[in-house]
Amino acid sequence: STPPVTVTVTGAAGQIGYALLFRIASGQLLGPDTPVKLNLLEIPQAVKAAEGTAMELADGAFPLLAGVDIFDDATKAFDGANVALLVGARPRTKGMERGDLLEANGGIFAPQGKAINEGAADDIKVLVVGNPANTNALIAKSAAPDVPAERFTAMTRLDHNRALSQLSAKLSVPVSEITKMTIWGNHSATQYPDLYHTEVGGKIAAEQVEESWLRDTFIPTVAKRGAAIIEARGASSAASAASAAIDHVYTWVNGTADGDWTSMAVPSDGSYGVAEGIISSFPVTTANGAYEIVQGLEINDFSRERIDASVAELVEERDAVKALGLL
Ligand code: NAI
């Protein structure tokens with residue numbers, strides 16, 4: 001039988017963790033033929049809550065779940081990990097400056113990157129969900145010089161899925177008829193959901209909607225959806241974020257369909273003028289457990305301006321963490 005794949009999840013006792021772990025245990029992260037072993041990492045105060053979740057995982061009697069271990073030590077939690085889902089992060093609290101936020105997260109993601117460097121399996125794939133996700137992924141990558149840089153990714157799949165959903169509702173077509181959606185840049189309000197390459201029924205989406213809708217409704221609705229969810233639920237997106245994390249890793253491992261792509265924040269190779277080394281969202285295709293940035297897309301002036309603005313924000317974040325000695 002197939003040996004289990006070790007999946008380490010940080011922030012396991014949080015709200016995303018609660019939605020994510022059961023879907024991993026049921027086989028939706030890697031597919032129905034792959035048993036999983038879960039390593040849960042939490043801070044000491046939340047270990048007891050993680051134990052409660054582990055009890056519920058046991059009660060799920062998942063045939064693919066080969067075991068659950070709980071840690072408050074990153075070195076142990078990432079030992080032998082094949083997939084790392086870095087969900088736990090330090091949220092911004094009242095009065096906190098951006099520099100404080102980046103520094104607090106550096107204190108989490110640098111040691112976790114180091115632990116991955118020391119003990120993870122050779123095929124380790126890392127997805128950072130915890131915000132600021134792109135820059136946290138950059139910090140972890142910098143702390144893991146022996147791991148190929150391209151294994152460090154951050155999540156913009158929730159933004160991608162939100163964009164699919166908004167367009168599907170606008171055009172009254174199922175999401176399955178939409179291909180080549182792209183989110184560019186940072187997982188933040190500056191992100192750019194691009195409809196100029198998206199296809200619906202083989203035709204470019206931007207040509208099937210009013211320009212005013214694209215500019216004044218679609219882009220801000222996607223970019224501010226997180227805030228709208230908080231306003232409605234009284235809590236931030238959790239199940240949809242977990243679902244997007246499942247999608248991100250599943251697609252990375254199992255491949256994109258022919259004629260389609262997805263959005264992932266990955267280390268830039270300089271494509272599309274995006275500063276090399278920063279972790280920025282691109283259109284990517286995946287096959288055989290690897291991804292490639294889609295090349296050769298024409299970028300119009302409208303898109304250029306928005307991509308540049310989001311990349312400029314990521315460069316600022318990079319410079320700020322560099323100044324803090326985190327890179
Ligand atoms: P939460 O506050 O419910 O849970 C976070 C958990 O992380 C807590 O249990 C906490 O104890 C744990 N944690 C904190 N520091 C840790 C450390 N050093 N090691 C291990 N665990 C640690 O938060 P929630 O709702 O689960 O969200 C988690 C993160 O995901 C947040 O940063 C949030 O902003 C981000 N997020 C990102 C999205 C994206 O699209 N990239 C979408 C939605 C949320």
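## Basis of the model

Residues are numbered from 1 along each chain as its sequence is written, and side-chain values use heavy atoms, with hydrogens and water left out. The model is predicted: local features need pLDDT of at least 70, side-chain atom pairs count only at pLDDT 80 or more, and totals for chains, interfaces and linings use all residues.

## Annotated domain and binding site

An unreviewed UniProt entry places the feature "domain: Lactate/malate dehydrogenase N-terminal" at residues 6-146. UniProt positions are given in the numbering used here, feature names are shortened, and annotations may be inferred rather than shown by experiment. Over residues 6-146 the chain is 43% helix and 18% strand, with the end C-alpha atoms 20 Å apart. Helices (H or I, at least four residues) and strands (E, at least two) are DSSP runs, numbered from the N terminus.

The unreviewed UniProt entry also gives the feature "binding site" at R92, R98, N131 and R162. These residues span 71 residues in sequence and their farthest two C-alpha atoms are 26.0 Å apart, so they do not all gather at one spot. The lining of the largest pocket takes in R92, R98, N131 and R162 from this set. On a 1 Å grid over the protein atoms alone, a pocket is an open set of points where a 1.4 Å probe fits, with protein on both sides within 12 Å along at least five of seven lines; lining residues have an atom within 4 Å of a point.

N131 lies in the loop between β5 (125-128) and α5 (133-142). N131 is partly exposed, with a relative accessible area of 40%. The classes are buried under 20% relative accessible area, exposed over 50% and partly exposed in between (1.4 Å probe, protein chains only). Neighbours within four places in sequence aside, N131 is in contact (heavy atoms within 4.5 Å) with A89, R90, N105, N136 and H187. The peptide bond from N131 to P132 is cis, with omega near -5°, and P132 is likewise placed in the loop between β5 and α5.

R162 lies in helix α6 and is buried, with a relative accessible area of 11%. Leaving aside neighbours within four places in sequence, the contacts of R162 are V222, R225, G226, I229 and S237.

Strand β4 (residues 83-86) pairs with β1 (residues 5-10) in the parallel sense over four bridges; two strands pair if DSSP finds at least two bridges between them. V7 has V83 of β4 as its bridge partner. β4 and β5 also pair in the parallel sense over four bridges, and the partner of A84 in β5 is V126. In a regular strand the side chains alternate between the two faces of the sheet. In β4, V83 and L85 point one way and A84 and L86 the other, and all are buried.

L40 is found in strand β2 (residues 36-41) and counts as buried at 0% relative accessibility. Beyond its neighbours within four places in sequence, L40 is in contact with V9, A12, L21, A50, V68, D69, I70 and F71. The C-alpha atoms of L40 and V68 are separated by 7.3 Å, although the two residues are 28 residues apart along the chain.

## A three-stranded open sheet

An open sheet of three strands has the order β7-β10-β11, with antiparallel pairing. Its edge strands, β7 (178-179) and β11 (203-204), each pair on one side only. β10 (residues 199-200) is joined to β11 by two bridges, and V200 has K203 in β11 as its bridge partner.

## Helix α7

Helix α7 (residues 211-223) has 13 residues and reaches 17 Å from its first C-alpha to its last, close to the 18 Å expected at 1.5 Å a residue. That expected span is 1.5 Å times one less than the number of residues. A kink of about 25° lies at T217, shortly before the proline P220; the bend is the angle between axes fitted to the seven residues ending at a residue and the seven starting there.

W213, L214, F218, I219, V222 and A223 of α7 are buried. The buried residues of α7 pack against α6 (157-171), β9 (192-194), α8 (225-233) and α10 (301-323).

## Positive phi angles

K180, in the loop between β7 and β8 (182-184), has a positive phi of about 60° although it is not a glycine. Y272, also not a glycine, has a positive phi of about 55°. Y272 is found in the loop between β12 (262-267) and β13 (279-287), and counts as buried at 12% relative accessibility.
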